[in-house]
Amino acid sequence: MRAELGPIALIGGYCFAGLGVLASLRFIRLSIGSVVAALGLAFMVGVAVVLLSGIALLCVGAPVNIEVLGSLMALIGLGGFGFAWWQASWRRPSWARIRLWPLMQPIRQAVFVVRGADAEHRVAAGVLIVLSVFSVLTYRWARVQPLEAWDAWAIWARKGTLLLDYSHLPTAFFTSPVYAFMHQDYPLLLPLYEASWFRVIGSADTQSLHAWFWVLFVAFLWATAYVSSRVVRPAIWAPLVGLLAVTPEVWTQLMTMYADVPMGLYLMIGVLLLGLWITGQRRRDLVLSMVLLAAAASTKNEGVTAVVSTFAVALIVTLVAPAPGLARRRALVPLLAAIAAFAGMVAPWRLWLAVHHIKGDMPVARGFEPSFLLEHTGRIQPTVNALFSEVTAQSNWYYLLPMGLALVVAGLATPGLRRIAVFYGLATLGAFIMVLWGYVINPNGLGWLIATSASRTVVGPMLIAVAGTFHLAGALLTHAFQCSTPDPSRYPSGHATATQGVGVRLERSE
Amino acid sequence: MTLVFQVLGFLAGGMALVRLLAQGAPRLTRYPLAGVGMVVALVGGVLFWGHIWQIGSGLPESTRTASLVSSFAAQHEADPGANNAFLEWARKEMLGVAGSRGTYYLEPAKVLADPLLSLWSTYELLPERETSKLSEAEWIVFYEAGPHLAIKQGRPLEKIFHYSSGYALALKSNAR
């Protein structure tokens with residue numbers, strides 16, 4: 001019974017916390033349709049916020065067991081809904097009224113929508129139905145898979161099991177040289193995510209853990225559809241979401257249970273929201289983007305480098321070409337504040353590492369010294385070749401890179417879309433350069449390093465390119481048609497109602 | 001170079017599509033590159049429909065096959081060559097006897113020379129922590145060695161738990 005009900009309760013708990021955050025940011029309104037549409041994003045946000053809080057608690061020596069996790073979920077969810085209610089009661093009285101619909105009304109509405117849907121929505125509905133069946137089949141398949149990939153048990157599941165066994169951070173494991181192989185400096189979000197699964201099913205069952213990773217992936221696809229549907233027509237986002245679901249380098253790597261894909265999933269949605277902020281200047285996009293990027297940076301060290309390069313690009317774009325009608329300084333202030341908030345979210349783990357003198361094997365400080373870099377220039381060419389050969393292996397990536405590049409080129413050639421095309425283009429390039437830098441300064445032998453990791457380290461930069469694909473594909477079409485795309489009923493206020501990137505007409509409420 | 005041609009292909013395809021659709025939506029001709037988004041979605045859709053059946057149709061059979069493997073074998077798939085039954089037994093004994101988490105020393109040291117077995121054993125024996133110093137250990141795990149050598153050397157062992165020939169566990173007398 002525990003094995004069946006536990007996971008449902010856990011998913012529900014994360015969704016509740018995430019919905020609270022989304023409600024407090026006024027991403028959703030109190031309607032069944034709005035809540036259901038946002039469930040994927042809610043799960044991802046819930047996992048991010050609850051586990052970032054959990055990491056902070058672990059770092060101050062507090063235990064994180066199922067009671068603490070449950071309390072965090074309840075506190076964050078209730079706090080978010082409470083804040084939304086408080087805001088609404090002051091600003092929007094209608095929001096505060098919780099209407100009790102007749103049970104049948106949403107079902108009638110759904111039937112009406114399906115009957116009256118245009119061809120475009122039918123395409124989207126078809127893709128979503130097929131994806132739902134695929135998700136169920138894959139869930140059943142995933143829960144019986146064995147855990148065999150090296151890093152999955154040597155690093156990630158090991159730390160997950162430790163957090164299950166000890167509740168608090170077992171410092172001795174993280175400081176002992178015997179356990180250096182488990183990369184003691186790697187961030188803790190994924191192990192804590194695994195430990196929460198182990199706790200609800202009652203054991204460190206590494207078979208069913210695959211299903212837990214699959215849940216994250218389904219939530220990600222759902223969240224991508226939800227976020228991108230604001231700026232992309234259903235006929236565009238639906239096949240692209242479907243393509244992401246079957247792209248071998250994404251879903252097969254996810255099932256190895258390494259951290260690269262989970263990090264990439266958070267990175268992609270975070271960068272997409274940052275892109276939406278750059279074009280639309282909605283502060284809630286920026287806030288949510290920081291939460292998701294903090295989750296990416298707390299999943300894997302490559303997440304930190306990818307986020308740092310993305311921030312640098314966002315700052316350059318905001319500084320060089322601020323949003324229309326905004327002075328440079330006014331445009332920069334919210335971004336700088338958001339970056340400071342991001343730093344605050346990832347700081348606890350870094351401080352804990354510093355306090356316990358735990359260092360990784362990467363000579364990060366020396367990696368900035370010109371003399372050190374010059375000594376290692378011989379590593380550049382082979383790495384570039386290896387990374388290039390990975391991302392252009394179309395049997396693995398299904399043309400996602402040429403798609404993204406073509407859209408960036410098209411965006412650069414379209415006057416109203418240049419800022420956002422530059423953002424995605426440079427963010428992807430920046431993330432690749434950071435990966436390259438990592439290979440150049442890495443103390444391990446390059447041949448072994450490339451053979452064991454090149455296919456994984458490109459996931460982050462590739463998913464940034466995919467974020468750009470979603471945004472730019474929608475923006476190009478909207479720009480051409482010059483018509484509104486989003487469903488205004490989804491957003492209580494402040495929604496984008498015209499072409500993103502061309503100059504979004506905002507009903508500003510911030 | 002192939003990548004450049006692929007990018008150009010998407011751009012050209014987009015512009016061609018706009019030209020094709022121009023009669024239905026004349027405004028589109030002013031933005032020929034708008035078709036790139038449509039071509040990307042079109043190619044995405046073709047790839048999706050083509051592969052979803054391919055992957056999905058194989059899943060039920062693959063699930064059935066994987067289900068036939070015992071849970072124990074699946075949980076130890078990473079190193080099926082290790083004596084997993086012994087490691088499992090040793091972990092339970094250490095937890096059961098001491099009732100709390102302690103440290104152990106793996107004997108003989110040659111086990112550590114096999115990186116897979118060395119790392120896998122530390123995973124299997126969680127939450128007990130391995131130490132590289134015998135003096136720090138509360139337990140000694142004998143893997144393909146047996147405790148006779150330790151006894152011969154006169155090490156202070158409080159209690160010895162035998163699993164099978166060559167596999168045993170010893171609680172050191174300095175333990176908690």
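## Terms and model

Two strands pair if DSSP finds at least two bridges between them. Helices (H or I, at least four residues) and strands (E, at least two) are DSSP runs, numbered from the N terminus.

This is a predicted model, in which local features need pLDDT of at least 70 and side-chain atom pairs count only at pLDDT 80 or more, while totals for chains, interfaces and linings use all residues. Residues are numbered from 1 along each chain as its sequence is written, chains are lettered from A and ligands numbered from 1 in the order in which they are written, and side-chain values use heavy atoms, with hydrogens and water left out.

## The sheet of chain B

Chain B has an open sheet of five strands, in the order β2-β1-β3-β5-β4, with mixed pairing. Its edge strands are β2 (129–130) and β4 (157–164), each of which pairs on one side only.

Strand β1(B), residues 103–107, runs parallel to β2(B) and is joined to β2(B) by two bridges. Across this pair, B:T103 stands opposite B:R129, and B:Y104 stands opposite B:E130. Four bridges join β1(B) to β3(B), residues 139–142, and these two strands also run parallel. Here B:L106 stands opposite B:V141.

## Cover and crossover of β1(B)

In a regular strand the side chains alternate between the two faces of the sheet. For β1(B), both faces are covered: B:T103, B:Y105 and B:E107 lie on one side, B:Y104 and B:L106 on the other, and all are buried. Buried means under 20% relative accessible area, with exposed over 50% and partly exposed in between (1.4 Å probe, protein chains only).

From β1(B), the chain crosses through helix α5(B), residues 115–124, to β2(B) in a right-handed β-α-β crossover. Right-handed here means that, with the strands pointing away from the viewer, the path from the first strand over the helix to the second runs clockwise.

## Chain A

Chain A has 24 helices and zero strands. Of its 510 residues, 60% count as buried. Contact means heavy atoms within 4.5 Å; of the contacts in chain A with a separation of 6 or more, 78% are between residues 24 or more positions apart.

The axes of α14(A), residues 260–280, and α15(A), residues 283–297, come within 8 Å and cross at roughly 160°. Axes are lines fitted to C-alpha atoms, for helices over the stretch in contact, and angles run from 0 to 180 degrees between N-to-C directions. The two helices are therefore roughly antiparallel, a term for angles over 145 degrees. Residues making the contact include A:Y266 and A:W277 of α14(A) and A:R283 and A:L293 of α15(A).

Note on methods
Parallel < 35°, antiparallel > 145°, perpendicular 65-115°, else oblique.
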